[in-house]
Amino acid sequence: MVVKSLTLRDMNEADRDTVGFVGFAAWRSGDAFDDSYLDPDVIERVRGEFESFAKSPTGDIVVAEMDGVVAGWGACDTAPHHISDLWVDPNWQGKGIGKALILHFLDRMRAQGLPLATIDTHARNRAAIGLYERCGFEIVWRGMEWSDIMKVELEKVKLERGLSL
């Protein structure tokens with residue numbers, strides 16, 4: 001049995017293309033698809049958004065490497081208490097990478113003295129919701145929300161977790 005080594009680190013310039021590719025691949029592999037996700041225009045908008053986000057990030061982006069290969073990444077892009085992105089390459093899902101990224105961000109938030117962490121996802125993304133709940137998050141809202149990127153209404157859930165020390 002080969003043991004893989006997980007490393008978390010801040011994204012660097014050389015990671016930009018890979019981060020965009022991993023994010024898009026993870027989005028495409030999600031189990032929350034409905035007809036709106038199959039529209040070629042929506043797919044192209046999402047692909048373009050992953051590429052542009054990775055090329056000009058505005059927040060805290062952490063890359064997860066397995067033996068030197070970018071296997072996933074996460075970001076706190078919109079606010080320091082909100083995990084805005086969590087994407088794991090489909091080939092690496094189910095190996096603890098998403099959990100490691102979440103715990104990393106929670107530790108950073110605690111170190112900043114933040115009282116609460118938030119995250120959201122598509123309401124039918126059962127795998128993500130299960131992961132977030134295993135990491136101590138609870139659903140606090142469920143409803144429809146407009147996606148500026150996809151240009152469609154999505155059913156979303158918002159989750160929170162207290163960060164007491």
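How far is the sulfur of C76 from the closest cysteine sulfur, and in which residue does that sulfur lie?

**Entry 1: cysteines**

I looked up C76 and found its sulfur 13 Å from the closest cysteine sulfur, that of C135, which is too far for a bond. The model is predicted, so I noted that local features need pLDDT of at least 70 and side-chain atom pairs count only at pLDDT 80 or more, while totals for chains, interfaces and linings use all residues. Residues are numbered from 1 along each chain as its sequence is written, and side-chain values use heavy atoms, with hydrogens and water left out.

A disulfide is a covalent bond between the sulfur atoms of two cysteines. I took a disulfide to be a pair of cysteine sulfur atoms within 2.5 Å, and the structure holds zero of them. C135 is in no disulfide. I then checked burial, where buried means under 20% relative accessible area, exposed over 50% and partly exposed in between, with a 1.4 Å probe and protein chains only. C76 is buried at 9% relative accessibility, and C135 is buried at 4%.

**Entry 2: aromatic pairs**

I used the rule that rings of Phe, Tyr and Trp (its six-membered ring) pair if their centres lie within 6.5 Å; planes under 30 degrees apart count as stacked, over 60 as edge-to-face and the rest as tilted. By this rule I recorded four aromatic pairs. One of them joins F24 and W27, which are stacked at 5.8 Å centre to centre with 25 degrees between the planes. I placed helices (H or I, at least four residues) and strands (E, at least two) as DSSP runs, numbered from the N terminus. F24 and W27 are three residues apart in helix α1 (residues 16-29), so about one helical turn separates them. Both F24 and W27 are buried.

F50 lies in helix α3 (residues 40-55) and W87 in strand β5 (residues 85-88), so the pair ties together parts 37 residues apart in sequence. F50 and W87 are both buried.

**Entry 3: E49**

I found E49 in helix α3. E49 is partly exposed, at 33% relative accessibility. Its C-alpha atom is separated by 7.2 Å from that of I149, 100 residues apart along the chain.

**Entry 4: a strand pair**

Two strands pair if DSSP finds at least two bridges between them. I found that β7 (residues 138-147) and β8 (residues 152-162) pair in the antiparallel sense over nine bridges. R142 has V157, in β8, as its bridge partner. Four residues lie between the strands of this hairpin, where K151 takes a positive phi near 65 degrees.

**Entry 5: T118 and the cores**

I located T118 in strand β6 (residues 116-122), and T118 is buried at 13%. Contact means heavy atoms within 4.5 Å. Leaving aside neighbours within four places in sequence, the contacts of T118 include H81, F137 and L159.

A nonpolar core is a set of buried Ala, Val, Leu, Ile, Met, Phe, Trp, Tyr and Cys residues joined through side-chain atoms within 4.5 Å. The largest such core has 28 residues, and I83, I97, I102, L106, M109, Y132 and F137 touch the most other members. Among the elements that give two or more residues to this core are α4 (97-111) and α5 (126-134). The largest share, six residues, comes from α4. A second, separate core of 22 residues includes A26, I43, F53 and I61.
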